[in-house]
Amino acid sequence: IWILISIFLLNSCGTATELPPTSTPISKTPAAVLTSTATRLPGPWQIVGVYTAEQSIMTAGFYDETHIATGGVIGIMGYSDDAGKDWLVTDANSDCRYGMDIISPQVIWACGGATHVRKSLDAGQTWETVTNFGDPRTITNPCHSASFIDENTGWLANSNLFGSTTDGGQTWTMQALPETAHKIATVDTYALNEGYLLDQKGALFFTQDGGEHWFPTGQLALG
């Protein structure tokens with residue numbers, strides 16, 4: 001299990017205007033791996049690497065120790081395939097990014113404010129605009145959790161909305177939260193229609209039908 005340590009920069013995010021679907025590289029910023037030797041700390045957590053980057057970072061995803069994707073203020077995206085030594089920084093033409101999943105060295109999903117969802121199939125060089133997640137007229141908080149199996153199939157969630165796609169984000173199937181669930185903390189899918197939802201009070205739920213039915217499966221002791 002890769003332990004991810006992200007530094008979140010506190011930047012204000014305004015409402016973004018819909019812009020063209022693709023992006024162009026705006027810079028390539030060198031960065032250095034500060035720590036390559038794992039440091040054992042008390043408890044079960046272990047630091048496996050510390051990375052630096054100059055771009056805005058509000059969410060990050062790791063495919064492995066080498067392939068890293070980041071998302072930040074007003075759609076600033078970063079990608080490294082050499083453990084953070086060099087970064088390709090691009091603009092996804094979107095609102096701030098809060099949720100991300102990198103499922104291969106090429107395929108990255110990102111979601112965030114203003115219902116904007118973006119997908120890259122070329123290792124972060126360009127970003128495709130897919131169908132918005134939620135109604136921008138009524139949504140109350142940004143998408144912050146993304147979990148995908150491949151470039152076509154996966155889940156998104158904000159605190160009170162859960163949705164899935166099987167067509168690469170052309171459409172989203174919205175499902176109700178579990179009856180006893182509080183606000184969503186995160187979601188995770190590992191096979192078609194199967195996965196978990198964790199609420200912000202530590203209740204864990206499981207589904208085998210894409211969220212049509214949820215079953216309580218555990219309670220995490222959150223500190």
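Author: The largest pocket holds about 470 Å³ of space. Here a pocket is an open set of points on a 1 Å grid over the protein atoms alone, where a 1.4 Å probe fits, with protein on both sides within 12 Å along at least five of seven lines. Its volume is the space filled by probe spheres set on those points, which are joined across faces, edges and corners.

The model is predicted: local features need pLDDT of at least 70 and side-chain atom pairs count only at pLDDT 80 or more, while totals for chains, interfaces and linings use all residues. Residues are numbered from 1 along each chain as its sequence is written, and side-chain values use heavy atoms, with hydrogens and water left out.

Lining residues have an atom within 4 Å of a point. The largest pocket has 25 of them, and Met 100, Ala 146, Thr 186, Val 187 and Asp 188 lie nearest its centre. Strands are DSSP runs (E, at least two residues), numbered from the N terminus. At least two lining residues come from each of strand 6 (59-62), strand 10 (97-102), strand 14 (145-148), strand 18 (184-191) and strand 19 (194-199). Strand 18 gives the most, with 6 residues.

By type, the lining comprises 15 nonpolar, 8 polar and 2 charged residues. Ala, Val, Leu, Ile, Met, Phe, Trp, Tyr, Cys and Pro count as nonpolar, Asp, Glu, Lys and Arg as charged, and the others, Gly among them, as polar.

The structure also holds 1 disulfide (cysteine sulfur atoms within 2.5 Å), which joins Cys 111 to Cys 143.

Key. Helix = DSSP H or I, 4+ residues; strand = E, 2+ residues; numbered from the N terminus.
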